[in-house]
Amino acid sequence: STDVIIGYNYSVTVLDGNFRKKSTQVKILDPKPLMTNQDIMKKDSVKVQFINLECSMQGNPMYYRAERVDFI
């Protein structure tokens, strides 16, 4: 554990496809967050897409990592 932030875990819910309504976490190794928690709480939902998404741990639940996250 250090004082240096190297990335963030995003908790997401899948909106469509075979895994619709499933929740998971996606890790992004970027020290700059997409938005603040205060901004997220002001919205009903925040739609994003993950660039180069891949599974990082298979099991129940599944975990993922991605190169970056962008707003849709």
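**Pockets and core of the predicted model**

The largest pocket is lined by 36 residues. Nearest its centre lie Ser-11, Val-12, Thr-13, Val-48 and Phe-50. The model examined here is a predicted one. The volume of the largest pocket is about 1,200 Å³. Its lining holds 21 nonpolar residues, 10 polar residues and five charged residues. Four elements each supply at least two residues of this lining: E1, E2, helix H1 (37-41) and strand E3 (48-51). E1 gives the most, with six residues.

E2 and strand E5 (63-66) each supply at least two residues of the lining. E5 provides the largest share, four residues.

The largest nonpolar core comprises seven residues. These are Tyr-10, Val-12, Val-26, Ile-28, Phe-50, Ala-66 and Val-69. Strand E1 (8-13) and strand E2 (23-28) each contribute at least two residues to this core. Val-12 and Phe-50 belong to the core and are among the residues nearest the centre of the largest pocket.

With residues up to four places away in sequence left out, Val-69 touches Tyr-10, Ile-28, Leu-34, Val-48, Gln-49 and Phe-50.

Definitions and conventions. Residues numbered from 1 in each chain as written. Predicted model: local features only at pLDDT ≥ 70, side-chain atom pairs only at ≥ 80, totals over all residues. Heavy atoms only, no water. Core = buried A, V, L, I, M, F, W, Y, C linked by side-chain atoms within 4.5 Å. Buried < 20%, exposed > 50% of the residue type's maximum accessible area, 1.4 Å probe, protein only. Contact = heavy atoms within 4.5 Å. 1 Å grid on protein atoms, 1.4 Å probe; cavity = no way out; pocket = protein on both sides within 12 Å on 5 of 7 lines; lining within 4 Å. Points joined across faces, edges and corners; volume = space filled by probe spheres on them. Nonpolar A, V, L, I, M, F, W, Y, C, P; charged D, E, K, R; others polar.
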